[in-house]
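This briefing covers one protein structure, shown below. Please look at the model alongside the points that follow.

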Amino acid sequence: MEKWELLIIGAGAAGLTAGLYGARSGLKTLIIDEKMAGGTAVDAPVIENYPGFTRISGRELMQRMVEHAKRFGVEIRELEKAEKLELDDAKRVITDKNVYEASAIVIATGTRHRKLGVPGEEEFSGRGVSYCAVCDAPFFKGKRVLVIGGGNSAATTALYLSELASTVKLAHRRNQLRAEEALVRELRNKKNVEILWNTQVKEIKGDNLVRQVLLHNNKTGENVDLEVDGVFVQVGEVPNSEFAREAGIAVNEAGYIIVDFRQRTNREGVYAAGDVTDRPVKQIGTAVGEGIIAATDAYGYIRRPYYYKA
Ligand code: NAP
């Protein structure tokens, strides 16, 4: 069993920032991540709304955050999955490799892609169905792609693909997008992007690879087959909170961890930060802020300086 003061689960924007602040305040700080460090922001083709960077790729921004955290002494262990939390007399994190005891824990496990849940999605995953444009766009150079969703992820994915694919269709189930105005404006200016309003994908079809999608117009009731080479599903996120919930951490009806204004969960000394929390805005900037608050409060909780108010 290893002992750490601050143990952070998840090395995305929130976790890395909590790590940076924890280590800089002198706490012995460890971050573990079931994947490589960087979190889902790594998959963002372009980031234009993180202050200080007018335009930077997700990969580069997150690489800088990883280096920054390491420079101040955070230890980061990748490819190590937290499987269980034990929060009785002590706080323990059991991973697939180790058992850790920590004075305080920050859960920053983020989210994973929501599945569309239609026939063919599973079958053609990796054979034309993708959830990550940055990872898979090169396969669709000069090809016809369909993006599904109406949020910021769908919009940024469609914009990114428009630089490579011959045509991009964006299918959204409503007659307006929820993506931010700057992205919607950019989409409108793209000659090879078409938005299919009130459109739901009912099935993904093909042979070895994706060939067609069955589209349903929920206004007219019409069904049509559309020929496509690739389908990018961008219909939102699901929080990675199951192991926390099993340990008695309170979550809301959608599974997001409930936090207060100091990023505290319902269990003393256990914090949550970033996309896994029930805070309404999911941005790299807000994840960074939440990581700062969590680590700062955790420092007070552990070391009890004279100014700390429990
Ligand atoms: P999101 O904002 O939750 O949007 C998901 C979209 O998918 C919605 O338009 C939703 O439709 C649609 N949808 C959900 N389930 C569906 C289904 N079964 N069939 C068809 N459509 C479905 O998710 P997101 O775009 O992945 O973004 C996640 C969070 O990250 C958001 O808070 C977002 O702002 C943030 N983000 C920000 C940026 C940026 O700032 N540039 C980039 C990426 C992500 P309805 O609209 O009808 O609900």
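On one side of helix 2, Arg-59 and Arg-71 are exposed. The model is a predicted one.

**Helix 2**

- Helix 2 runs over residues 58-71, and its 14 residues, at 1.5 Å each, should span 20 Å; the end C-alpha atoms are 20 Å apart, so the two values agree.
- The buried residues of helix 2 include Gly-58, Leu-61, Met-62, Met-65, Val-66 and Ala-69.
- These residues lie on the same side of helix 2, because they cover an arc of only 140° around its axis.
- In an α-helix there are 3.6 residues a turn, so residues three or four places apart point the same way.
- Helix 1 (13-24), strand 3 (75-77) and helix 7 (284-303) are among the elements that cover the buried residues of helix 2.

**Helix 1 and helix 7**

- The axes of these two helices come within 7 Å and cross at roughly 35°.
- The crossing of helix 1 and helix 7 is right-handed.
- Helix 1 contributes Ala-13, Ala-14, Thr-17, Ala-18, Tyr-21 and Gly-22 to the contact, and helix 7 contributes Ile-284, Ala-287, Val-288, Gly-291, Ile-292, Ala-295 and Thr-296.
- Sorted by class, the contact of helix 1 with helix 7 has nine nonpolar residues, four polar ones and no charged ones.

**Helix 4 and helix 5**

- Helix 4 (residues 152-162) packs against helix 5 (residues 181-188) at an angle of about 35°, and their axes are 10 Å apart.
- This crossing of helix 4 and helix 5 is left-handed.
- Asn-152, Ala-155, Thr-156, Ala-158 and Leu-159 of helix 4 are in contact with Leu-183, Glu-186 and Leu-187 of helix 5.
- By class, five nonpolar, two polar and one charged residues make up the contact of helix 4 with helix 5.

**Two loop residues with positive phi**

- Leu-79 is not a glycine, yet its phi is positive, near 55°.
- The loop that holds Leu-79 lies between strand 3 and strand 4 (82-87).
- Leu-79 counts as partly exposed because its relative accessibility is 49%.
- Asn-198, also a residue other than glycine, has a positive phi near 50°.
- Asn-198 sits in the loop between strand 11 (193-196) and strand 12 (199-206).
- The relative accessibility of Asn-198 is 12%, so Asn-198 counts as buried.

Technical notes. Residues are numbered from 1 along each chain as its sequence is written. This is a predicted model: local features need pLDDT of at least 70, side-chain atom pairs count only at pLDDT 80 or more; totals for chains, interfaces and linings use all residues. Side-chain values use heavy atoms; hydrogens and water are left out. Helices (H or I, at least four residues) and strands (E, at least two) are DSSP runs, numbered from the N terminus. The expected span of a helix is 1.5 Å times one less than its number of residues. Buried means under 20% relative accessible area, exposed over 50%, partly exposed in between (1.4 Å probe, protein chains only). The arc is that of the directions from the helix axis to the C-beta atoms. Contact means heavy atoms within 4.5 Å. Axes are lines fitted to C-alpha atoms, for helices over the stretch in contact, and angles run from 0 to 180 degrees between N-to-C directions. A crossing is left-handed if the near helix is turned anticlockwise from the far one by less than a right angle, and right-handed if clockwise. Ala, Val, Leu, Ile, Met, Phe, Trp, Tyr, Cys and Pro count as nonpolar, Asp, Glu, Lys and Arg as charged, and the others, Gly among them, as polar.
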